[in-house]
Amino acid sequence: MINTSIAFRRALSGNRKFRIKDTITLKNKKEIPIPMMDLREYKINEATSTSGKFEIGAAVIKEYKITLNNEEEQYDDCDFEGANIQAVIGLKLADGTWEDLKKGLYRVYTATFGETTLQITAYDEMIYFDRPYSECTLSYPATVRDVVLDACRHCQVDCESGSIEMGNYIVKTKPEGSITYRDVISYCAQIMGCYARINHLGRLAFGWYDFSAVGSGDLDGGIFDTASQEKYLSGDEADGGTFDDYSSGYTYDGGTFVDMDTYHHFYDLYNKSINGTDINVTGIQITAKKDSADEKYLYGTNTYALEIKDNPLIQTDTMQQVAKHIGDKIINKPFRPMSISVQGNPAIEAGDVAVVSPKTTSSYTTVITDTTFSLFAAQSISSTAETPTAKTFTRYGAATKLLEAARNYTDQEMSAYDLVVQQMSQLAANTLGFHETKIIQDDGSVIVYRHDKPKLSESKIVYKSGIDGFFVTKNYTGKDSTTVWKAGFDSNGNAALNILSVIGIHWDWAYGGTLSLGGVGNGNGVLKVFDAKGNVVGLWDKDGLIAKAGKFSGDITGATGKFSGDITGASGTFSGRLDSQTGNIAGWDISSEGLSAAKMKIYSNKSINDEDPFGDIENDYTKIYKDAVLTDQISVNEVNFTPKRGSTYYKDATRTVTVVTDVSGSTVNYTKLTFVDGILVNKLS
């Protein structure tokens, strides 16, 4: 629901006069304002569920369609391929001023010339996610937040990251198969218990129907958990209210226009088709695979349960967590399916909640799953859901929703920073003005508010500035004390921001969760660590980790318990266990047999019990076994042998031993002793 002023809502019931301030920006940056006089058709359709279903996790593309008069061929020379359209719809207020609302940013899909007309069909940036997920280079396991933000970076779509729920939910393995990034966005939205859409500011956002916006006097007794679950998992309390003795009064205030800024009230209906009963979801069933077999978990009851299956991001050990999160948002939240048409209101969005009063004696709560705003006709509104049937479950999955013949609209890969700059530039080019309120303090100083509506109390987007800092919110409550200011900075230099995109950052310390460097769109990331003298002591880049100096403690292991890859170090200390099948340490090559150098080999598991090493006289390099040594020459200070009865270690072998007889300075004298048919030495003196 787009926030509007009270004057806007009053103007809707008076002499309604709309204006279109849409601008087409061609690929060559030429801007073409759309004249009202040229418009023959103007429609914007958006949805949070596919037709006829009540879905969890839908990610539906918004459609923009206009027909322009082209009798004078004024548009013939325009190349609409890759053009963008910023939609802005204004309503004239009672005082003669206009209140404009942004209705989204769209990319032209087709531009068809008729005899005297030009018809343009465009889609919002959700279409950018229709790319194969096989392009993804994100490392798994990954959190839902990582998956969403990586998809936005890769598909070059801005993200309302504050709308991500269950962001720390861990996805163990990358989903495979013929799926798209939009499918993965749908899978993530299902886990959140949300729908995914591109909001009117052009950002991917997740949301759900705010059933609490419409008050209810009913007592919610909760649900009865099934025997297969933990008893009373959904809670065991219900608030029955209070018993007044009527001293507090016996009237009820229906509120003001301000109280209705979170839902719509439709009573002047052109056409209507209203279901005879409410839909009341009673349970959520999750079906996930484990070892190729289906496992199910039901949260709630199966009277009218929604089943989620074929979501590869949900594992069997997280079914209960996901089902409870979704169930708490939808179970026992009744709404009335219907299809109606009302006077056009550009503030209505799919995902809004409404009260419909077709008669003076009846009112129904509903959710808007589909709506089409038309400049020249009534606005259609639908709330769709399948009615309960004899079967226990109705499946609503995040099915593939590829647009037929959809083209890849990403012209080129951009860095994350360049992408933000481009999006910021589009926002700046199409920004609306602000209203200003100054509050003069007793000492003559001022606190300045900049806000989106003429009155501060009616505004939602508010920037507040004073001597202590600059503060921002998009959910102003009308009071500073009850408003949550989620962004800004104070006089001490402390800042709270959503996403920070800069070319360079200098800091004394940093603390956080995940640090992501490089990847698609940001090239090859590099992490360097310097010592106090400015020397690089460690570097981690696309080729791996290079440690110039340092200490490694603990086990260095790979996916299977062994280290895979090269470790190259100039100096350093390794403590703990190092397992490797290949590599090189200080000139020694590592193999599955052991260590080897130019003229020596140390076997890791070979024994003379397997074969006689002294019989291999053709090899002239030194061979060290577990229990024997074979070499050409040996020089030692002392040789000790432990004889064993019946030993045949030295039988049938003739060897020569070189013995040092004299050492004088650097001169060494030798003599040779030859032993025929073996030798058994206990002591030399």
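Predicted model: local features only at pLDDT ≥ 70, side-chain atom pairs only at ≥ 80, totals over all residues.

Modeller: Happy to! Strand β26 covers residues 462–466 and strand β27 covers residues 469–473; the two pair in the antiparallel sense, over five bridges. For one of the residue pairings, find K464, whose bridge partner in β27 is F471. In general, the strands of a sheet pair through backbone hydrogen bonds, and they can do so in a parallel or an antiparallel way.

Now widen the view. β26 and β27 belong to an open sheet of six strands, and reading across it gives the order β24-β25-β26-β27-β28-β29, with antiparallel pairing. At its edges lie β24 (435–440) and β29 (495–496), each of which pairs on one side only.

How does the sheet sit in the wider chain? The chain has 42 strands in total, along with five helices. Of its 685 residues, 38% are buried. Among contacts with a separation of 6 or more, 58% join residues 24 or more positions apart. The chain's accessible surface is about 40,100 Å², and carbon and sulfur atoms contribute 50% of that area.

One last stop is the cysteines. The number of disulfides comes to zero. Take C155: the nearest cysteine sulfur belongs to C152 and is 7.7 Å away, while a disulfide needs the two sulfurs within 2.5 Å, so C155 is in no disulfide. C155 is also buried, with a relative accessible area of 0%. C194 is buried as well, at 0% relative accessibility.

Technical notes. Residues numbered from 1 in each chain as written. Heavy atoms only, no water. Pairing = 2+ DSSP bridges. Helix = DSSP H or I, 4+ residues; strand = E, 2+ residues; numbered from the N terminus. Buried < 20%, exposed > 50% of the residue type's maximum accessible area, 1.4 Å probe, protein only. Contact = heavy atoms within 4.5 Å. Areas by Shrake-Rupley, 256 points an atom, 1.4 Å probe, with all protein chains shown as cover.
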